[in-house]
Amino acid sequence: MKYAKKDAKAYARQNMRGIWAAALMPFTSTLSIDEDGFRDNIRHWTQDLKIDGLFIAGKQGEFFSMSLDERKRAFKLAVDAVGPNASTIMSCSDQNMDVVIELARHAQEVGADYIVVHAPTLHFFKAQDETVYNYYRTIADSVDIGIALWSHPDSGYLMSPQLCNRLADIENVVAIKYSVARPMYAELTRLAGDRILVSTASEEEWLDNILELGWQLYLCSSPPYLLQTANDLRMREYTDLAFAGDADKARAIRDSLRPVRDALRNTRPPEKPHAHQKYWQELLGQVGGRVRPPLLELTDQEKAITRAAFEACGLKL
């Protein structure tokens with residue numbers, strides 16, 4: 001690790017910045033990990049698209065379909081492929097605490113910068129806040145690496161700003177991906193923004209969160225590599241302009257991406273986000289690949305609709 005546990009918050013404040021993307025995991029026709037394709041995508045994302053950090057083996061990466069050894073392998077592949085060009089945060093989410101801690105220790109050993117762990121699904125809702133606090137406290141006591149919290153509706157509940165504020169006092173809790181409505185993450189920023197970096201996955205809200213909430217981190221989803229090409233870095237451009245204080249120009253560039261956002265969003269079939277995004281990657285010249293069961297593949301008609309929208313959206317290839 002590049003920092004001691006006691007310095008995790010300060011290190012993250014200094015280095016966990018900019019645009020972080022959640023990596024889709026490419027699978028071959030036989031559903032094995034496409035290691036070469038994954039490396040090629042990472043090189044493109046970090047060098048051509050200038051993405052600052054990568055979120056590895058999360059929901060976008062289909063961690064739920066991967067074995068423990070495959071998840072560990074993905075961590076190592078990512079660290080080696082990123083090199084000095086970007087940072088990494090490894091998703092160690094799992095319902096089994098031993099698995100979470102084993103993955104967290106592995107991430108620490110292979111040189112990851114941080115880990116992220118989503119709030120557990122709770123089967124009994126008594127003393128919910130105390131249970132969730134104990135969950136993260138146990139993980140934090142077991143490793144030195146900086147930890148990002150992750151709260152989203154898939155857990156069956158949302159962590160309150162007050163609970164997150166309490167968790168922010170843990171020594172190596174450094175950030176949160178807070179998939180909630182803006183009033184909730186604005187409240188958490190007010191409560192705990194001095195101790196953890198607050199972020200959410202909405203690209204459309206990212207600029208306003210820089211300008212109005214003082215955010216430094218987009219953590220994260222797939223837009224950084226689906227809305228951009230090596231010849232069209234508008235997300236990177238508006239982000240840098242916002243950090244530099246040029247709000248008007250940043251807003252103009254952000255707004256110019258609306259046709260691309262609409263094409264991506266409006267052609268995505270229900271329950272097929274992974275397959276749709278992987279096909280969009282292929283249209284961009286990236287490695288998409290298959291999705292693993294039980295996820296659904298696109299039909300030929302869905303591909304045709306997506307391709308037509310992609311070709312008309314104005315993204316410069």
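Predicted model: local features only at pLDDT ≥ 70, side-chain atom pairs only at ≥ 80, totals over all residues.
E302 and K272 are joined by a salt bridge in which the closest N and O atoms are 2.8 Å apart, where a salt bridge is a side-chain nitrogen of Lys or Arg within 4 Å of a carboxyl oxygen of Asp or Glu. E302 belongs to helix α14 (residues 300–312), while K272 lies in the loop between α12 (258–266) and α13 (273–284), so this pair ties together parts that are 30 residues apart in sequence. Helices and strands are DSSP runs, numbered from the N terminus, with at least four residues of H or I for a helix and at least two of E for a strand. E302 is buried, with a relative accessible area of 19%, and K272 is buried as well, with 11%; here buried means under 20% relative accessible area, exposed over 50% and partly exposed in between, for a 1.4 Å probe and protein chains only.

Residues are numbered from 1 along each chain as its sequence is written, and side-chain values use heavy atoms, with hydrogens and water left out.

The structure holds 30 salt bridges. One of them joins R254 to D208, with 3.9 Å from N to O. Because R254 lies in helix α11 (residues 247–256) and D208 in helix α8, this pair ties together parts that are 46 residues apart in sequence. R254 counts as buried at 11% relative accessibility, whereas D208 is partly exposed, with a relative accessible area of 22%. Another salt bridge links R43 with D48, and its closest N and O atoms are 3.3 Å apart. R43 is partly exposed, with a relative accessible area of 37%, and D48 is partly exposed too, with 26%. Salt bridges can also join up into a network, as they do for E35, D36, R39 and R73.

Helix α2 (residues 35–48) contains H44, which counts as buried at 14% relative accessibility. Leaving aside residues up to four places away in sequence, H44 touches L49, A230 and Q286, where contact means heavy atoms within 4.5 Å.

S91 itself has a relative accessible area of 0%, and, not counting residues up to four places away in sequence, S91 touches F55, I56, A57, G58, R71, F75, V116 and W150.

The neighbours of β3 in the sheet can be followed strand by strand. Strand β2 (residues 53–56) runs parallel to β3 and is joined to β3 by four bridges, two strands being counted as paired if DSSP finds at least two bridges between them. Within this pairing, L54 stands opposite T88 in β3. Together, β2, helix α3 (residues 68–82) and β3 make a right-handed β-α-β unit; a crossover is right-handed if, with the strands pointing away from the viewer, the path from the first strand over the helix to the second runs clockwise. β3 also pairs in the parallel sense with strand β4 (residues 114–118), over three bridges, and the bridge partner of S91 in β4 is V116. The chain crosses from β3 to β4 through helix α4 (residues 97–110), and this β-α-β crossover is right-handed.

Rings of Phe, Tyr and Trp (its six-membered ring) pair if their centres lie within 6.5 Å, and planes under 30 degrees apart count as stacked, over 60 as edge-to-face and the rest as tilted. By this rule the count comes to twelve aromatic pairs. One of them is the tilted pair of W206 and Y218, with 5.8 Å centre to centre and 55° between the planes. This pair links distant parts of the chain, with W206 in helix α8 (residues 203–213) and Y218 in strand β8 (residues 217–221), twelve residues apart, and both W206 and Y218 are buried. Ring pairs also link Y3, Y11, W20 and Y114 into a cluster.
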